[in-house]
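Student: Could we go through this structure together, one question at a time? I would like each answer to show how it is reached.

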Amino acid sequence: MTLAFESPTERPVPIVVTAKGDSAAPALPARIELDLSKFHNGRWALHLDAVFARHEAPVVILAHGIACRAVAWWAQLSPRSYLRAISGALFQTPLHVGFDQIAAAAAMQNGPACRLPFPSIVISDPSFQVEQALALADAWGSRFVATDAAAPGQASNRNARFTAIETMLLGHRDRFEINRAAAMQPSGPCPIAMQLSPSDHTTIKSD
């Protein structure tokens with residue numbers, strides 16, 4: 001997939017995807033909040049269909065926490081026509097889930113494991129289950145990027161130079177960074193590890 005960003009109007013619009021229970025999310029005009037408490041009923045996927053399958057202008061997905069795996073699951077099983085507007089995805093801390101998201105995380109253990117049909121980046125703390133994060137990035141065909149600023153010796157799954165699309169995706173990472181402090185407050189859900197099997201302020205909420 002090749003994109004040319006020749007003018008501001010051609011730049012993809014960021015849409016945040018979070019899961020119910022997340023304590024903080026970037027303040028953007030468009031945000032989808034998925035209720036994954038009844039993961040197997042598939043209603044959360046219908047909400048993604050409703051937003052992206054009919055979207056005409058290019059968009060990028062900024063997913064956080066367990067919503068990263070939900071987006072990947074949906075993208076791997078959806079018709080390509082549903083994904084035509086998606087220029088790429090930025091997955092922030094996909095191995096963290098809140099206490100009230102444990103059941104959904106367990107339901108995703110045996111999900112599809114194939115390359116995503118659009119460019120993507122996985123951002124995670126390299127000191128937190130880095131091997132699993134790298135395995136997840138490899139399964140999705142994503143580039144792994146450490147949460148903190150680049151430094152010698154950091155784990156990565158690729159040595160190639162960043163593409164134009166990857167650079168564009170990384171330009172959105174600060175939208176998450178400014179909310180990191182709020183997410184770490186005791187009032188929010190306590191993050192836990194999600195183990196991997198070897199394998200216009202509009203909020204859309206699932207039922």
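Student: In which sense do β3 and β4 pair?

Tutor: Helices (DSSP runs of H or I, at least four residues) and strands (runs of E, at least two) are numbered from the N terminus, and two strands pair if DSSP finds at least two bridges between them. This is a predicted model, in which local features need pLDDT of at least 70 and side-chain atom pairs count only at pLDDT 80 or more, while totals for chains, interfaces and linings use all residues. Residues are numbered from 1 along each chain as its sequence is written, and side-chain values use heavy atoms, with hydrogens and water left out. Across six bridges, the sense in which β3 and β4 pair is parallel.

Student: Which residue of β6 stands opposite Leu90?

Tutor: Leu90 belongs to β4 and stands opposite Leu62. β4 also pairs with β6, in the parallel sense and over four bridges. In β6, the residue opposite Leu90 is Ile121.

Student: What is the handedness of the β-α-β unit made by β3, α2 and β4?

Tutor: A crossover is called right-handed if, with the strands pointing away from the viewer, the path from the first strand over the helix to the second runs clockwise. For the unit made by β3, α2 and β4, the handedness is right-handed.

Student: Is Val60 buried or exposed?

Tutor: Val60 lies in strand β3, and its contacts (heavy atoms within 4.5 Å), leaving aside neighbours within four places in sequence, include Ile15, Gly88, Met168 and His172. Buried means under 20% relative accessible area, exposed over 50% and partly exposed in between, with a 1.4 Å probe and protein chains only. Because its relative accessible area is 0%, Val60 is buried.

Student: How many of the 11 residues of α1 are buried?

Tutor: The buried residues of α1 include Trp44, Leu48 and Phe52. Beyond four places in sequence, Phe52 is in contact with residues including Val17, Ile32, Trp74 and Ile86. The helix α1 is largely enclosed by the rest of the structure, because its buried residues number eight.

Student: Which elements do the buried residues of α4 pack against?

Tutor: Among the buried residues of α4 are Leu134, Leu136 and Trp140. Just after this helix, Gly141 takes a positive phi of about 75 degrees. The buried residues of α4 pack against α2, β4, β6 (120–124) and β7 (143–146).

Student: Which residue has its backbone oxygen 3.0 Å from a polar atom of the side chain of Arg173?

Tutor: Arg173 is found in the loop between α5 (164–170) and α6 (174–177), and it counts as buried because its relative accessibility is 16%. Not counting residues up to four places away in sequence, Arg173 touches Leu90, Ile123 and Asp148, among others. The backbone oxygen that lies 3.0 Å from a polar atom of its side chain belongs to Ala146.

Notes
Polar contact = N/O pair within 3.5 Å; in protein donor to acceptor, adjacent residues only side chain to side chain.
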